[in-house]
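Thanks for passing this one along.

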Amino acid sequence: MKRVSKKPKISLQEVEKHYQSSSENYDIDSGESHLAYYRDKHPNYYRVLSENV
């Protein structure tokens, strides 16, 4: 099991760029939303996004 740090040291700009680029790897046919995919695959980045919305 991967450890997820409490406070990731990632800038919001870096997270936004990563989120946009991750859509290239996202399979739209799965019926899952990109945000749900992102939450499961990139929890550190997702946490930063959710804290800044």
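1. Let me start with the surface. The accessible surface of the chain is about 4400 Å², and 49% of that belongs to carbon and sulfur atoms. These areas come from the Shrake-Rupley method with a 1.4 Å probe, and for residues only the protein chains shown count as cover.

2. A word on what you are looking at. This is a predicted model, in which local features need pLDDT of at least 70 and side-chain atom pairs count only at pLDDT 80 or more, while totals for chains, interfaces and linings use all residues. Residues are numbered from 1 along each chain as its sequence is written, and side-chain values use heavy atoms, with hydrogens and water left out.

3. On the overall fold, the chain has 3 helices and 0 strands, giving the pattern α-α-α along the sequence. Helices (H or I, at least four residues) and strands (E, at least two) are DSSP runs, numbered from the N terminus. Of the 53 residues, 25% count as buried; buried means under 20% relative accessible area, exposed means over 50%, and partly exposed is in between (1.4 Å probe, protein chains only). Among contacts between residues at least 6 apart in sequence, 55% join residues at least 24 apart, where contact means heavy atoms within 4.5 Å.

4. Which residues make up the largest nonpolar core? There are 7 of them: I10, V15, Y19, Y38, Y45, V48 and L49. The elements giving two or more residues to this core are α1 (12–22) and α3 (43–51), and α3 gives the most, with 3 residues. By nonpolar core I mean a set of buried Ala, Val, Leu, Ile, Met, Phe, Trp, Tyr and Cys residues joined through side-chain atoms within 4.5 Å.

5. V15 is found in helix α1 and is buried, with a relative accessible area of 0%. Leaving aside neighbours within four places in sequence, V15 is in contact with I10, Y38, Y45, V48 and L49. The C-alpha atoms of V15 and Y45 are separated by 5.6 Å, although these residues are 30 apart along the chain.

6. Now for the helix pairs. Two packed helices are described by the angle between their axes and the distance between the axes. Here α1 and α3 pack at an angle of about 115 degrees, with their axes 9 Å apart. Axes are lines fitted to C-alpha atoms, for helices over the stretch in contact, and angles run from 0 to 180 degrees between N-to-C directions. This crossing is left-handed. The contact is made by L12, E14, V15, E16, H18 and Y19 of α1 and Y45, V48 and L49 of α3. These residues divide into 6 nonpolar, 1 polar and 2 charged.

7. The axes of α1 and α2 (residues 34–41) come within 11 Å and cross at roughly 115 degrees. This crossing is right-handed; a crossing is left-handed if the near helix is turned anticlockwise from the far one by less than a right angle, and right-handed if clockwise. V15, H18, Y19 and S22 of α1 make the contact with H34, L35, Y37 and Y38 of α2. Those residues divide into 5 nonpolar, 3 polar and no charged.

8. What covers the buried residues of α2? The cover includes α1 and α3, and the buried residues are H34, A36, Y37 and Y38. L35, also in helix α2, is partly exposed, with a relative accessible area of 41%. Neighbours within four places aside, L35 is in contact with Y19 and Y46. L35 and Y19 are 16 residues apart in sequence and 8.8 Å apart in space, C-alpha to C-alpha.

9. Finally, please look at S11, in the segment before α1. S11 is partly exposed, with a relative accessible area of 33%. C-alpha to C-alpha, S11 and L49 are 9.8 Å apart in space and 38 residues apart in sequence.

Technical notes
Ala, Val, Leu, Ile, Met, Phe, Trp, Tyr, Cys and Pro count as nonpolar, Asp, Glu, Lys and Arg as charged, and the others, Gly among them, as polar.
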